[in-house]
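Here is a friendly briefing to read alongside the model. Have the viewer open, and we will go from confidence to a helix pair and then to a chain contact.

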Amino acid sequence: MAEFFQTTIHDYFNYWVYVILMMIGLWAVIAKNNLIKKLIGLSIFQTAIILFYVSIGVKDGASIPILHHHDPAAHAVSHEESHHKEGHKGDDSAAHKEPGDDKGDNAEAHAVNPDLIANPLPHVLMLTAIVVGVATLGVALALSQRIFKEFGTLEESELLEQLKGGNVDG
Amino acid sequence: MITKVLATFAVVITGALLLYGVSDFPAFGDPHSPANAGVEGGAPSISNYYITKSYEDTKVPNLVTSVLADYRGYDTMFETVVIFAAGMAIFAILRVFSDEDDIEPNETHSEGNTFTDGDHSRIIVGTTVRLVVPVIQLFALYVVAHGHHSPGGGFQGGVILGASFIIIALAMDLDAALARFSEKSYFRLASVGILIYAGFGVLCQVLGSDFLDYGILQKIFLTDGPEMARSHSMLGVEVGVAFTVTGIMFAIYANLSSRGTLKSAL
Amino acid sequence: MIFAFDIVILIFLIVAAVIALNVKDLLSSSMIYGIYGFLICLLWAEMGAVDVAFTEAAVGAGVSTVLFIATVYNTRRRSSD
Amino acid sequence: MSMGDQLPAIIVLAPMFGAILVGLLGNRDHRICFPIVITSLLVSLCATIAAAQEVFTTGAIDYFVGGWEEPIGIGIHLRIDSLNALILVLISVVVVLVSFFSIRRAGDQHSEKTPQFYILYLLLCVGLLGISITGDAFNLFVLVEVSSLTSYGLVAMGSSKRGTHAALNYLLMGTVGASFYLLGVGYLYLTTGTLNMQDIHTILQTNETIRDSNAVIIAFLFILVGIWIKMAFFPLHGWLPNAYSYCPSTSACILAPLMTKVSVYVMIRVMIGVFGVEWVFVHFGWSHLVVWMAVIAILAGSMLALAQREIKKMLCYLIVAEVGYMVGGAWLSDPNHWGLTGALYHILADAMMTLCLFLAAGVFAKRLGAVEIKDLEGLFKKMPLTSVAFVIAALSMIGVPPTAGFFSKFYLIRGGIEGGHWEYVAALLISSLVNAVLFFRIFEIAFFGSKPAEGHGDHHEDVETPSPETPSPEIVPQEAPWSALFPLLASAAIIILLGLFSGPIAELIRESLETLPSIVVPQAD
């Protein structure tokens, strides 16, 4: 059972959930009748993509991408002890030769071990994506307020009737 | 009804394709996946470079801030431009100047400018907000300044600073918040923010290096090496971002809550 | 990165998303979207992405919910579907 | 550090500093906006011309923002090579021309929002120029968002009720498209570990396991669908006709010629620069299906254009058909790349044609209040110069020899023949025929008066009692103002110049495609 748990659940559960969330969002954007619901669906769709990116950079047993003490050498040493207790995996992967830090390994006795720190790149990309999402949401809400001011409704069905029926000014 | 069927059909196909792609992914949390540890064919993994070398290059412990503001600073500049463009677009779409008839004109609040203006139901909210807002603004400045060592930075600090003005608008009314942070000043603040960011970049060019190459600024910051110059200029850039985000976040709230009239509001 | 905690939040996320989209009253729908925002911020903090979590809490969940509520206040609160 | 190699930064920074200055100084006095706009755009124009010259003399310009060079993927890498040098020049030329057209707009309605209009206009230029220069996959997403957000603002800026609804639909589809692109880049990053386009290219060529993995195929599929939505490729074109016909005419004149063409360039850059031609045509291999989709796009676009009564709606459906030309051309996989040459040349030609037609439509709507085709009564007499430009653009759309449209069709048809895609060649010819019918119908109304049966030639006009639709001759609206005439005639002249110099231009484009391996796709049928 633990084997099944390890391979299917642990390895791919995050990616399954992001796909499900994305599809809920996409379905809402297309099928919901109310404009505000469409926008909530759009936001869910975007946060699901951000969830996908963040789960790329996750490493088992790794700490947050901030180097605690100013002196990297001291930092790496304390890091290894703190990890002995927590996860046995942390120990043997620390010994494993990493391409990143083999240069001048002995000179910097304890170069920072990349396996013990989460991958910062997806986090940077996602700061941008969150802020872009809010900017788009702001513009979309401004548009829906103006639509309400001009058409009197936010329901897609009623909007289409008014557009098709009355000769709305071009 | 047809759109619901069409939507379900499109969604199922997209989901199936995505899951088909997922089957080839490395395991979740695997430290040696291509993204975390690079591929033999390609160059050495860039994220490992960031983890091991970024402290030497920029003297900034928070790796995310160093990658955000220095290595990929060009991305972040355009992200600030996105926020600025959103503020301008919302102004262009929603802002009205002539007070033509408003839909559902809300009952106008009594003109009191004090936080509670005598209305008993607002005493609790008014007094707490009056006490909390300076602390929020102080915390926002801390978040911007401390972005190098702890999670935070220009965006988060700017949003919190903007939120402090939004709280004033919610507790009292929009006019009180606009009295403290008028429309002309928050658009000017936003423009100054981008001017700071792009100014740092052009300053590097003027001094003879590439756009946004902060190392050259050691001539100005008189630091002993380019690393500290990078750290200082990153703080400067984060301040620019905070200015823009503060201005635009409050601009978006002010326009949305008052249907563009900047008068009677939420 | 405690995996059990991970699974629990992910399930809450899906439930919050479905409820936020199916509630008829837009004001409560916005608030449940706020809950969804803070849940996903909790998940990211737990996955080690602290900067992203901070931004999502301040920008994604905080300001977006306020903007949604401002818009619902200025338009109609009932939603047909 | 000579100015020479700072060009990629200057090209993008000039309009951005223009936007900042308008932001700071614009509210005090609106008259100061236009001078700032025109100087920053002219600086950018000179920079793009200088960059193009340097690219075609010495070679590609590589620029590393922030000075991060040694490991390739660290910083953001900007690259101007022969693929995007001409596109950059095209964007800055169109942007300068439309800024002249926008002077008149400042005077009339919404004059309080003039600074905001120019800020959005300049930031749109920043986004489009940035998209053409960048060599980083995620940076491309951010710049797509910059240009999209500014275009939503520009579309929704007018007072038309339909325009607001069209802008919201445009926003929803545009955001879904950009998110699909972001998702595709995420799948690529997860499998290759880098975001730099050249780096991904080398990895996809050297590393077998990654090249054959499903994730890369799905990544390419989602990037493609995302870009197709931004490009309004036929099944995904729903947002374009309403968005471009109900928005203010200045916004239409800047968005119609550039947004879709730059997305076509992005598709070609992703196909050639990131995935590589042989991966796309051999491993991905759906090129026959895409060419058939392009054929459907061309025919549907042309037929729908025929069915329209409003001028701008008709032009919008012509854009959808033109996008079908370019996508089909790019996917022809003909051995010596005439299809790709035709597609890239068509980006230049079609942008100019669309610009000229939309400027003319904007002027007709403003001067004559002519929205429907039948309102173009006696146009040639009323507005001779505008009509000359309109006729040149129309002939170019049809594909009459001296104009650029003919040569781009010529290259595309040649690519279609060599690639064995006869259905594509047939679609091109049918579409040219439909364009001919479309525009001659307008010429007839514009030249001969509303009802040909009613006796042609205006010399009869004063004799008969002027029927209600034909306004009495003495109220003849005079020619459009110079601020509209100059861009119109300039774009018409450029269409002819592009046509005359099509030989050397095609040679420049082919030089960039020389390095591509010429692969003959095993004919499926």
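Within chain C, helix α2 (residues 26-46) has the highest confidence, at a mean of 93, and helix α1 (residues 3-22) the lowest, at 90. This is a predicted model, in which local features need pLDDT of at least 70 and side-chain atom pairs count only at pLDDT 80 or more, while totals for chains, interfaces and linings use all residues. Residues are numbered from 1 along each chain as its sequence is written, and chains are lettered from A and ligands numbered from 1 in the order in which they are written.

**Confidence in chain C**

**A helix pair in chain D**
- Helices (DSSP runs of H or I, at least four residues) α13 (residues 287-307) and α19 (residues 422-448) of chain D have axes (lines fitted to C-alpha atoms over the stretch in contact, with angles from 0 to 180 degrees between N-to-C directions) that come within 9 Å and cross at roughly 10°.
- α13(D) and α19(D) are therefore roughly parallel (an angle under 35 degrees) to each other.
- The residues of this contact divide into 15 nonpolar (Ala, Val, Leu, Ile, Met, Phe, Trp, Tyr, Cys and Pro), three polar (the others, Gly among them) and one charged (Asp, Glu, Lys and Arg).

**Chain D against chain B**
- In chain D, 60 residues are in contact (C-beta atoms, placed from the backbone, within 7 Å) with 52 residues of chain B.
- α5(D) gives the most to the side of chain D that touches chain B, with 10 residues.
- By class, that side of chain D has 35 nonpolar, 21 polar and four charged residues.

Technical notes. Helix = DSSP H or I, 4+ residues; strand = E, 2+ residues; numbered from the N terminus. Parallel < 35°, antiparallel > 145°, perpendicular 65-115°, else oblique. Contact = placed C-beta atoms within 7 Å. pLDDT = per-residue confidence, 0-100.
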